[in-house]
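Look over the sequence and the model first.

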Amino acid sequence: MQAQLEVRSELIAQCLSLEMGAAIGYARTAQVPLAIAHVKTARDVLTTFPFVEQRSRTAVTREPIGVCALITPWNWPLYQITAKVAPALAAGCTVVLKPSELSALDALLFAEAIEEAGFPAGVFSLVQGDGPGVGASLASHPDVDMISITGSTRAGIAVAQAAAPTVKRVAQELGGKSPNVILPDADLNRAVSLGIAAAFRNLGQSCSAPTRMIVPGALLSEIESIAKRAADEMVVGDPLSESTTHGAIANRAQFDRIQSMIGVGISEGAKLVTGGQGRPRGLNAGLYVKPTVFPRCAPACASAQEEIFWPGSLHHPL
């Protein structure tokens, strides 16, 4: 599987850029290699994994769970696929993968790699479709032994409810609003610049993006200046351009939500030092968003409480 993905790495990177707007450089250096690394890690662990462990007179045996239904999101499509599928296959489980309907193409390339790698028929299955249709069916199916979902809280609740009657195992990762705490003795240039880069990584479309930066109030003005400079250095544009650091938002619904939430932040009285609503200068079409920094945003504000998935950062003074 690893070799087949490596052969297709450039094709997959191009696909990621086309279907979800990832900058081609980022797709090549992060999205694809990190996904392949999951496969390599699963393979390496498998060589020494203690499926049977002797403890005095007792043998502890680790057995495959069985049929694993794996639901993956659109924001890190291949990365999430390999993070789920590779360990499940290494453990000896059979897999039914349902990728997000918003980023379905790279899943087809992954399925092609699985077939070329020579996995037996039926070990891996791919089903395309939306959550209410296909996802709900997998969650409730009596022949599925475990279901794993990475997605919204709403989707996670629905999956857990559907899985309950068959008492299958449920694993969920539903994101959050990750805080980044900057302490008074930090190297501000390094800490703030790295924090902004992490918050804006993959256009902020990451469940682990540290989009809330909690900072010392006495240093707020200096931190604002560093954050603005870091955001302004980002190059938003054509995802297929080598010079672009940040491409387009993955889909229209997400773009509209981002624009709405920027408006909410402004209406709530948050200070705006860079970015804002609308497209960046020179981009009159496409799902492009201005890198945005809101300092002095009250912790109770909706924009500080809700996971938005956008290239923006919110600062709270301590």
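The bend at a residue is the angle between two axes, one fitted to the seven residues ending there and one to the seven starting there. Helices (H or I, at least four residues) and strands (E, at least two) are DSSP runs, numbered from the N terminus. Now look at helix α3. It bends by about 30° at P33.

Two notes on the source come next. This is a predicted model, in which local features need pLDDT of at least 70 and side-chain atom pairs count only at pLDDT 80 or more, while totals for chains, interfaces and linings use all residues. Residues are numbered from 1 along each chain as its sequence is written, and side-chain values use heavy atoms, with hydrogens and water left out.

Stay with α3. It has 25 residues. From first C-alpha to last it reaches 36 Å, close to the 36 Å expected at 1.5 Å a residue. The expected span is 1.5 Å times one less than the number of residues in the helix.

Which residues of α3 are buried? The list is I24, Y26, A27, A30, Q31, V32, A35, I36, V39 and A42. Buried means under 20% relative accessible area, exposed means over 50%, and partly exposed lies in between (1.4 Å probe, protein chains only). An α-helix has 3.6 residues a turn, so residues three or four places apart point the same way. The buried residues of α3 pack against α1 (2–7), α2 (9–20) and α4.

Now turn to the rings. Rings of Phe, Tyr and Trp (its six-membered ring) pair if their centres lie within 6.5 Å; planes under 30 degrees apart count as stacked, over 60 as edge-to-face and the rest as tilted. The whole structure holds 5 aromatic pairs. One of them joins Y26 and W76: the ring centres are 6.0 Å apart and the planes meet at 70°, so this pair is edge-to-face. The pair links distant parts of the chain, 50 residues apart. Y26 sits in α3 (residues 24–48), and W76 in the loop between β3 (67–71) and α4 (77–91). Y26 counts as buried because its relative accessibility is 19%. W76 is buried too, at 9%. Y26, W76 and Y79 form one aromatic cluster.

F110 and F124 also make an edge-to-face pair, with 5.6 Å between centres and 70° between planes. F110 lies in helix α5 (residues 105–117) and F124 in strand β5 (residues 124–126), 14 residues apart. F110 has 0% relative accessibility, so it counts as buried.

S206 is found in the loop between α8 (188–200) and β9 (212–215). It is buried, at 5% relative accessibility. Contact means heavy atoms within 4.5 Å. Beyond its neighbours within four places in sequence, S206 contacts N75, W76, R201, E307 and F309.

On a 1 Å grid over the protein atoms alone, a cavity is a set of points where a 1.4 Å probe fits but cannot get out; a pocket is an open set with protein on both sides within 12 Å along at least five of seven lines; lining residues have an atom within 4 Å of a point. The residues lining the largest cavity include S206, E307 and F309. The largest pocket is lined by 34 residues, and W74, G151, S152, R154 and A155 lie nearest its centre. α7 gives the largest share of this lining, 6 residues.
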